[in-house]
Every structure is written in C-alpha cells, then in structure tokens.
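Subject: Handing over a structure, with notes

Dear colleague,

I am passing a structure on to you with this email, and I would be glad if you could look it over alongside my notes. Please take your time with the picture before reading on.

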Amino acid sequence: KLVGSGIEGVVGGATDFEGNTYEKYKGGWFRSGGTDREKLDEPTRAAFAKTYSTLRDGVEGLASTLGFGEDALKDFTTTFKVELKGLSEEDAAKAIEAEFARIAEVMADTVLGTKEYTKEGETQLEALTRLSVSLVTVNSSLETLGLKMFDTSLAGADMASALVDAFGSIENLKNATAAYYENYYSAEEKRATLTSQLTKQFEAM
C-alpha cells in the first residue's frame, strides 16, 4: 500500500540541486514494505536548482552588506524533502514553496550564526533583511550629512536598526535627513557631498 510520495534531495553543492522522487510503501500480503526512488527529471531538477540559486543570491546579497562577503554560503548544503501524496497541483506548489522558504530561513540562520540580534516573533530571514536594510539606509543618511557611519557588521547594523526604531520607520528617517540637509547645509556643502557620492559611484563601476 502506498503511504507516501514526493520529492527529496539536497540543495547546494556544484549543481545547486540534486534529487529524486520517492514512493513509500507499507508491507502487505503481496508486497514488502520499502521506498522506491527514481531520479528527478532534468527540467524539474533545473527549476529547483534555479529557485535555490535565486534564494541563495538574495541571502548572500543581504549578508554582503553586513560584511560577510558575497560567498557567505559558498559551501552551504541542506536537505530538501516535500511530501506530495494526495495533494492537488495547487497545494503541491504551495508545499514546495514552503520547503524553499524553510531553506531560505536555514541560510539566513547560517549567515547570522546567532539570535542575539533577532527580535521576538521575527524569523532569521526577517532579522537579516531588517539589519541589512537598516544599515544601508542609515549609513547613506549619515554619509549625506557628513557624519561617521556605523561599522559594517552585525553590531553596527543593530545600532542602525535601533536608530530607525527611534524615528519610527525608515521613511521617517529618510524624510528627517532630507529636511535637515536641505535646511541646514550650505550650497557649497551640498556640492561637496554630491561630488563625493558621484566619485564613489564611479569608483564602484
């Protein structure tokens, strides 16, 4: 009797995804119990690999803003398994999406390596995103005002996040920075800031 079926494998490594389908049987009169496995067809394997690589690139992008480097997940691998028996096509797609969401969370946890900077009720991926966005936004504002920027680190990002909280939101921080810059900086100071920002952009190209 068929008691389970789905897709299992490993994400990461040289090909980003390798896996197989499986069918799990319970033993009975005419068949012994066990699991049959068959290599996943290439289009599905490639689609799963693409999904994973997109998620990985996104997490690594966040990690790089915190000083971890763009290859923070270079050697990352983890298991993949989704049970599909009895599911409609729509529910099967949701189950696969949920499994990739779980893997994204594992990647974020691997990057952070701690829950010290994670707020109550927040996932590791949400924490990583908040810290990254806060640090990039706050440092951009501080640079515009000619002030010392926060360190590119988890601790620096945590302080940046606290500053965002003090303003109520990132949008409030941006508006306050723009208003202060417009009202209290001279035309010469603004030209110097613009020149500095443009120089950095050209150097980064």
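This is a predicted model: local features need pLDDT of at least 70, side-chain atom pairs count only at pLDDT 80 or more; totals for chains, interfaces and linings use all residues.

The strands form an open sheet of four, in the order β3-β2-β1-β4, and their pairing is antiparallel. Its edges are β3, covering residues 34-39, and β4, covering residues 77-83, each of which pairs on one side only. On average, neighbouring strands of this sheet are turned by 25 degrees against each other, if direction is ignored.

Looking at the individual pairs, β1 and β2 are joined in the antiparallel sense over nine bridges, and within this pairing Val 10 stands opposite Glu 18 of β2. The hairpin made by β1 and β2 has four residues between the strands, and in it Gly 13 takes a positive phi near 75 degrees. On to the next pair: strand β2, residues 17-25, runs antiparallel to β3 and is joined to it by six bridges. Here Asn 20 has Lys 39 in β3 as its bridge partner, while Thr 21 stands opposite Glu 38, also in β3. As a general point to bear in mind when viewing such strands, side chains in a regular strand alternate between the two faces of the sheet.

Helices on the sheet

Helix α1, residues 42-65, packs on the sheet, where it touches β1 (2-12), β2 and β4, and its direction makes about 120 degrees with that of β2. Helix α2, which spans residues 89-112, lies across β1 and β4 and runs at about 160 degrees to β4.

Leaving aside residues up to four places away in sequence, Ala 92 touches Leu 84 and Leu 87. Phe 76, by contrast, is 16 residues from Ala 92 in sequence and 26 Å from it in space, taken from C-alpha to C-alpha.

Helices against helices

Two packed helices are described by the angle between their axes and the distance between the axes, and I give both values for each of the two pairs below.

The axes of α1 and helix α3, residues 124-144, come within 9 Å and cross at roughly 45 degrees, so α1 and α3 are oblique to each other. Their crossing is left-handed. From α1 the contact draws on Val 59, Leu 62 and Thr 65, and from α3 on Leu 125, Leu 128, Thr 129, Ser 132, Leu 135 and Val 136. Sorted by class, this contact has six nonpolar and three polar residues, with no charged ones.

For α3 and helix α4, residues 154-167, the axes come within 8 Å and cross at roughly 75 degrees, which means that α3 is roughly perpendicular to α4. On the α3 side the residues are Arg 130, Leu 131, Ser 134, Leu 135 and Val 138, and among those they meet in α4 are Leu 154, Gly 156, Ala 157 and Asp 158. The residues of this contact divide into eight nonpolar, three polar and two charged.

Conventions
Residues are numbered from 1 along each chain as its sequence is written. Side-chain values use heavy atoms; hydrogens and water are left out. Two strands pair if DSSP finds at least two bridges between them. Helices (H or I, at least four residues) and strands (E, at least two) are DSSP runs, numbered from the N terminus. Axes are lines fitted to C-alpha atoms, for helices over the stretch in contact, and angles run from 0 to 180 degrees between N-to-C directions. Contact means heavy atoms within 4.5 Å. Angles under 35 degrees count as roughly parallel, over 145 as roughly antiparallel, 65 to 115 as roughly perpendicular and the rest as oblique. A crossing is left-handed if the near helix is turned anticlockwise from the far one by less than a right angle, and right-handed if clockwise. Ala, Val, Leu, Ile, Met, Phe, Trp, Tyr, Cys and Pro count as nonpolar, Asp, Glu, Lys and Arg as charged, and the others, Gly among them, as polar.
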